[in-house]
Amino acid sequence: MFNAIVTATSMLFLTLLSTSAFAVRISETFEVSVSIPSARFYVIPADPDWIHLEQHLPWNVGSEELGALRKHFDVKNDSGAIAARLSFEPYLSNGRDSDDIPLVVSFNSKRLTVDAEEVISETDGKAGKRVNLEIAAVKPLNGFKPGEYYGSVHLVFEAIAP
């Protein structure tokens, strides 16, 4: 009889213990989004995880040079060519105008300016293509000054009708 009471009590205790173990709750919330391009015209990063994040140009301590940012884009315009331009001349700034570092932006190996120019030919636009984006710093005549630098690059792409 005593064994039956101990067994029943043990089972009740273990049941209550296991029930309380399952009462712990963990909840996670995160954002999910998708951007589905038009099949007719798109210019999208091949790896979309970087485009909305701050990008760091690598600093080479030995050569005292800034490395370039290089990324791939998938492009297509089933009507023809694609033009690109900058909204403004990009640069890195630490807050002192004398220390600004100009940036050179190239898309598909063509240097971009504030004036729109064809960067994807009609043939490549219709077929679709993967191309490079490169953002590189121009070394100032007196070298790079120490500090924290920030800047923005704003690209505009336009479909060129045939």
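Asparagine 94 counts as buried, at 19% relative accessibility, where buried means under 20% relative accessible area, exposed over 50% and partly exposed in between, for a 1.4 Å probe and protein chains only. The model is predicted, so local features need pLDDT of at least 70 and side-chain atom pairs count only at pLDDT 80 or more, while totals for chains, interfaces and linings use all residues. Residues are numbered from 1 along each chain as its sequence is written, and side-chain values use heavy atoms, with hydrogens and water left out.

Asparagine 94 sits in the loop between strand 6 (91–92) and strand 7; strands (E, at least two residues) and helices (H or I, at least four) are DSSP runs, numbered from the N terminus. Its side chain makes polar contacts with the side chains of aspartate 99, at 3.0 Å, and of tyrosine 149, at 3.3 Å. A polar contact here is a pair of N or O atoms within 3.5 Å; within protein, one must be able to donate a hydrogen and the other to accept it, and residues adjacent in sequence count only if both atoms are side-chain atoms. Neighbours within four places in sequence aside, asparagine 94 is in contact (heavy atoms within 4.5 Å) with Asp99, Pro146, Glu148 and Tyr149. Aspartate 99 belongs to the loop between strand 6 and strand 7 and is buried, with a relative accessible area of 10%. Not counting residues up to four places away in sequence, aspartate 99 touches Asn94, Lys145 and Tyr149.

Attention now turns to the nonpolar interior. In soluble globular proteins, nonpolar side chains tend to be buried together. The largest nonpolar core has 21 residues, and those with the most contacts inside it are Phe73, Val75, Phe107, Leu112, Ile120 and Leu133. Such a core is a set of buried Ala, Val, Leu, Ile, Met, Phe, Trp, Tyr and Cys residues joined through side-chain atoms within 4.5 Å. Two or more residues each come from strand 4 (69–77), strand 5 (82–86), strand 7 (101–107), strand 9 (117–120) and strand 10 (129–137), with strand 7 giving the largest share, 4 residues. Leucine 133 touches, among others beyond four places in sequence, Trp50, Phe73, Phe107 and Leu155.

Aromatic rings form a further theme, with 5 aromatic pairs in the structure. Rings of Phe, Tyr and Trp (its six-membered ring) pair if their centres lie within 6.5 Å; planes under 30 degrees apart count as stacked, over 60 as edge-to-face and the rest as tilted. Tryptophan 50 and phenylalanine 73 form an edge-to-face pair, 6.1 Å centre to centre with 85 degrees between the planes. This pair links distant parts of the chain, 23 residues apart: tryptophan 50 in the loop between strand 1 (41–45) and strand 2 (59–60), and phenylalanine 73 in strand 4. Tryptophan 50 is buried at 9% relative accessible area, as is phenylalanine 73 at 4%. The ring centres of phenylalanine 73 and phenylalanine 157 are 6.4 Å apart and their planes lie at 40 degrees, so this pair is tilted. Phenylalanine 157 is in strand 11, 84 residues from phenylalanine 73. Ring pairs link Trp50, Phe73, Phe107 and Phe157 into a cluster.

Strands pair if DSSP finds at least two bridges between them; strand 5 and strand 11 pair in the antiparallel sense over 5 bridges, and isoleucine 82 stands opposite alanine 159 in strand 11.
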